[in-house]
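Hello,

Here is the structure for your files. My notes on it follow below.

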Amino acid sequence: VSKERVTILPCANAAGTHALKMVVIGKSNKPRPFKNIDLPVHYYGQKSAWMTKDLFKKWFDECFVPEVGKWLKDHNFPQKALLLLDNAPGHPSEEELTTEDKCITAMFLPPNCTALIQLMDQNIIQFVMQDYKKNLLLRAISKDQPIEKNFKRI
């Protein structure tokens with residue numbers, strides 16, 4: 001069994017009209033297959049491929065705040081946003097996830113209800129994983145070689 005793993009972080013607004021670029025965390029800092037490729041995701045390397053507080057803070061400051069700010073500006077909305085999070089150990093504190101002007105900030109959902117009210121837990125993550133698996137299988141069977149060789153190549 002392969003011990004390769006990745007962590008993904010999907011993020012969208014409550015209406016579903018703005019999905020941010022997904023975050024993918026793998027074990028390698030610079031995977032060879034991604035050399036000279038512009039990825040459609042924010043990729044980070046971390047030894048265990050898990051989200052850490054430092055990686056989350058980096059994503060919040062360098063990706064979330066600019067992408068959300070641009071979307072709000074493009075749609076003539078006030079520059080205010082709230083990031084709702086579950087209370088996972090890989091998240092920094094609410095104080096650390098707040099811009100200097102306090103217009104973009106984070107808030108943690110109560111611990112025992114996140115699966116009930118958090119939108120990403122309501123099948124969105126499962127749909128992303130199903131779509132990935134479907135596309136992987138389609139790539140594996142669409143070549144002229146045996147499926148086993150294609151999976152090794154992929």
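**Helix and sheet**

Helix α1 (residues 53-74) lies across β1, β2 and β3, and its direction is at about 165° to that of β3. Please keep in mind that this is a predicted model.

The three strands form an open sheet in the order β1-β2-β3, and the pairing is mixed. Because β1 and β3 stand at the edges with a single partner strand each, one side of each has no neighbour in the sheet. From one strand to the next, the twist averages 20°.

Strand β1 (residues 7-9) runs antiparallel to β2, and three bridges join them. Between β2 and strand β3 (residues 42-45) the sense is parallel, with four bridges.

I25 stands opposite Y44 in β3.

Strand β2 (residues 23-26) is covered on both faces. V23 and I25 lie on one side, V24 and G26 lie on the other, and all of them are buried.

**Cysteines**

How many disulfides does the count give? With a pair of cysteine sulfur atoms required to be within 2.5 Å, the count comes to zero. As for exposure, buried means under 20% relative accessible area. C11 has a relative accessible area of 12%, so C11 is buried. C63 is buried too, because its relative accessible area is 5%.

Regards

Definitions and conventions. Residues are numbered from 1 along each chain as its sequence is written. This is a predicted model: local features need pLDDT of at least 70, side-chain atom pairs count only at pLDDT 80 or more; totals for chains, interfaces and linings use all residues. Side-chain values use heavy atoms; hydrogens and water are left out. Buried means under 20% relative accessible area, exposed over 50%, partly exposed in between (1.4 Å probe, protein chains only). Helices (H or I, at least four residues) and strands (E, at least two) are DSSP runs, numbered from the N terminus. Two strands pair if DSSP finds at least two bridges between them. Axes are lines fitted to C-alpha atoms, for helices over the stretch in contact, and angles run from 0 to 180 degrees between N-to-C directions. Contact means heavy atoms within 4.5 Å.
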